[in-house]
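Subject: The structure we talked about

Hi there,

Here is the structure I promised to pass on to you. Have a look at it first, then read on for what turned up in it.

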Amino acid sequence: MSNFSTCKKCGAKLCQDDIAIYKKLILRTADEFLCIDCLAEYLGVSREAIEQKIRYFRESGTCALFR
Ligand SMILES: [Zn+2]
């Protein structure tokens, strides 16, 4: 068991934000994740849109996934 996760599509190393936004947008109980680029492609939105959501959730302070 490694102590970091990788994108299940491209294998990129994931940071906490990547994991948090995936859980928030896709599946709270997920144990496999996508990086922001692959998540954006999956959702059919721009990478910037995902980054905006991350910023929003962090700044709103209402989501326990973002600290
Ligand atoms: Zn990826």
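Two residues are in contact if their C-beta atoms, placed from the backbone, lie within 7 Å. By that rule, tyrosine 22 touches Ala30, Phe33, Leu34 and Leu39, leaving out residues up to four places away in sequence. Please keep in mind that this is a predicted model.

Let's stay with tyrosine 22 for a moment. Tyrosine 22 is part of helix α1. Is tyrosine 22 buried or exposed? A residue counts as buried if 20 or more other C-beta atoms lie within 10 Å of its own. Tyrosine 22 has 26 C-beta neighbours inside 10 Å, so it counts as buried.

Now for the core. In soluble globular proteins, nonpolar side chains tend to be buried together. Which residues make up the largest nonpolar core here? There are 9 of them: Ala20, Ile21, Tyr22, Phe33, Leu34, Cys35, Ile36, Leu39 and Ile50. Helices α1 (16–25) and α2 are the elements that give two or more residues to this core, and α1 provides the largest share, with 3 residues. The buried residues of α1 are Asp18, Ala20, Ile21 and Tyr22, and they pack against α2 and α3.

Next, the way the helices meet. Two packed helices are described by the angle between their axes and the distance between the axes. For α2 (residues 36–43) and α3 (residues 47–60), the angle is about 110° and the axes are 8 Å apart. With that angle, α2 is roughly perpendicular to α3. On the α2 side the contact is made by Ile36, Asp37, Leu39 and Ala40, and on the α3 side by Arg47, Ala49, Ile50 and Glu51. Sorted by class, the residues of this contact are 5 nonpolar, no polar and 3 charged.

The axes of α1 and α3 cross at roughly 90° and come within 10 Å. This makes α1 roughly perpendicular to α3. Here α1 brings Asp17, Ile21 and Lys24, while α3 brings Ile50, Lys53, Ile54 and Phe57. The contact of α1 with α3 has 4 nonpolar, no polar and 3 charged residues.

Isoleucine 50 takes part in the contact with α2 and in the contact with α1. Setting aside neighbours within four places in sequence, isoleucine 50 is in contact with Ile21, Ile36, Leu39, Ala40 and Val45.

How many of the 14 residues of α3 are buried? The number is 1, so α3 lies largely in the open. From its first C-alpha to its last, α3 reaches 20 Å, close to the 20 Å expected at 1.5 Å a residue. After α3 comes glycine 61, which has a positive phi, near 70°.

Finally, two cysteines for you to find. Cysteine 35 sits in the loop between α1 and α2. Cysteine 35 is buried, because 24 other C-beta atoms lie within 10 Å. Serine 5 is 30 residues away from cysteine 35 along the chain, yet their C-alpha atoms are separated by 9.8 Å.

Cysteine 38 lies in helix α2. With 19 C-beta neighbours inside 10 Å, cysteine 38 counts as partly exposed. Leaving out residues up to four places away in sequence, cysteine 38 touches Cys7, Lys9 and Cys10. Alanine 64 is 26 residues from cysteine 38 in sequence, and the C-alpha atoms of the two are 23 Å apart in space.

Enjoy exploring it, and write back with any questions.

Best wishes

Definitions and conventions. Residues numbered from 1 in each chain as written. Predicted model: local features only at pLDDT ≥ 70, side-chain atom pairs only at ≥ 80, totals over all residues. Axes fitted to C-alpha atoms, helices over the stretch in contact; angles between N-to-C directions. Helix = DSSP H or I, 4+ residues; strand = E, 2+ residues; numbered from the N terminus. Parallel < 35°, antiparallel > 145°, perpendicular 65-115°, else oblique. Nonpolar A, V, L, I, M, F, W, Y, C, P; charged D, E, K, R; others polar. Core = buried A, V, L, I, M, F, W, Y, C linked by C-beta atoms within 7 Å. Buried ≥ 20, exposed ≤ 12 C-beta atoms within 10 Å, placed from the backbone. Expected span 1.5 Å × (residues − 1).
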